[in-house]
Amino acid sequence: ERDEIRQWFNEASQRRQSDNDLFGAYAGSNVIVIQAEAFMNFTIGKTIGGQEITPNFNKLMDESLYFSNYYHQTGQGRTSDADFSSNSSLHPLPTGSVAVRYPNHAFDMLPQILKSQAGYTAEAYHAYEGSFWNRNNMYQAMGYDRFYSKKDFQLDEPLGWSLGDKSFFRQSLEVMSQEKQPFYSFLITLSSHHPYSLPASIQELDTGEFEGTIFGDYLQAVHYVDAALGEFVEGLKREGLWDRTILAFYGDHDNSITDKAGYEQFLGKTLSDLDMHQIMSQVPLLIHLPDGGHAGVYPEPAGQLDLTPSLLHLLGIATDSYYMMGNNLFASTGPDRPADRLVVLRSGAFTDGKLYYIPSADNLFTNGTCYDLSSRTPAEIEPCRAPHEEAMKRLRISDEVIATNLIADFRKEDQGVRR
Ligand code: GP9
């Protein structure tokens, strides 16, 4: 079993490897990763009453890479799962949160790697109680130099659970601009948390028929977060950090609004089960490179486990000695490597860009639905069997690695061999 797991990681690292021009093209850049609360992909590029919902995100797309089929891979640990998977390139657990259950187990984490391999300083920022999701302990274990939690911020813009994201970004930037470079900053926003009701004074959209509904409130909250993002980008420019920084922005998970009618009304079309599954599973990923290069829409499937290996590729840090499961988004964009992009969700749903599998409630493979993405209709189940088995294997391996602290054992065995 252990040999099989080792073998799987070896093969994954080979799939990620690529000597293309992007490897190390942005070595030494600062890295800012923003994980935005419940920020879903269906809002991107959309308008309501003639007003853009995410005007700042949309504008950034002109000079950024936008991954338009990016999936959150979270489970019960919600925000903490997105954080864990995005920084460790492993799946979250089937039950509970890694941060709460196994904070001291060994993982190959982005902040640790950047500190040890490239001399970065690393900070986490989130203006809420530091104990929530066991962050105080988890962030120490992840290798952050410092975690700025609610007690480190002035509550000069009280909003929702805590501080408004506009002030959160402004105060985080004040710290960041004094930071020794290069730095890795990981920021988690909060203002668009369920139930999304912002005070009327900061609601800027005319949501028309959605006014007074949770769906309308959600759109208002996303619009506010987008405005906060816009102010943060302006601040980065003012501080001279914009062209020295890789900025990644992604949503952590869905908004828990599962009523199909609201989405159908908003999007103006009837939605199939496949449409709804994708809407609830997709969050946007935007990556802005220091020179604004490689901008465009990247429609190949991708997910949160892919973030860390992909950032390391841009920074010129090889991932072959790390126990990571995700894809390198900058190695597998070529037409020769489509098989690299199997994106597995915690539920056992998966896509490779051609097929999309939705499991049934009883989890029996043959009771699930295998969609052909070119026709967007249910197809024969058999083509989904092999990727389903691979998906199940990945989830099993990830669970085993996390629960039994296998990376700690592997590292001991590797000493003097692989590191
Ligand atoms: C609170 C925030 C919310 O600190 O991360 O977490 P969630 O409830 O979305 O998992």
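A disulfide is a pair of cysteine sulfur atoms within 2.5 Å. By this rule the count comes to 1 disulfide. The model is predicted, so local features need pLDDT of at least 70 and side-chain atom pairs count only at pLDDT 80 or more, while totals for chains, interfaces and linings use all residues. Residues are numbered from 1 along each chain as its sequence is written, and side-chain values use heavy atoms, without hydrogens and water.

The sulfur atoms of Cys370 and Cys384 are 2.1 Å apart. The torsion about their S-S bond is about 80°, so the disulfide is right-handed. Cys370 belongs to strand E18 (residues 369-372) and Cys384 to the loop between strand E19 (377-378) and helix H12 (385-403), so the bond ties together parts 14 residues apart in sequence. Helices (H or I, at least four residues) and strands (E, at least two) are DSSP runs, numbered from the N terminus. Both cysteines are buried, meaning under 20% relative accessible area (1.4 Å probe, protein chains only).

| Residue | Relative accessible area |
|---|---|
| Cys370 | 1% |
| Cys384 | 0% |

A nonpolar core is a set of buried Ala, Val, Leu, Ile, Met, Phe, Trp, Tyr and Cys residues joined through side-chain atoms within 4.5 Å. The largest has 63 residues, and Phe9, Val33 and Phe67 are among those with the most contacts inside it. Helix H11 (residues 307-315) gives the most to this core, with 5 residues. Apart from it lies another core of 53 residues, including Leu60 and Ala221.

Beyond four places in sequence, Val33 touches residues including Tyr184, Phe186, Leu307 and Leu311, where contact means heavy atoms within 4.5 Å.

Definitions and conventions: Buried means under 20% relative accessible area, exposed over 50%, partly exposed in between (1.4 Å probe, protein chains only).
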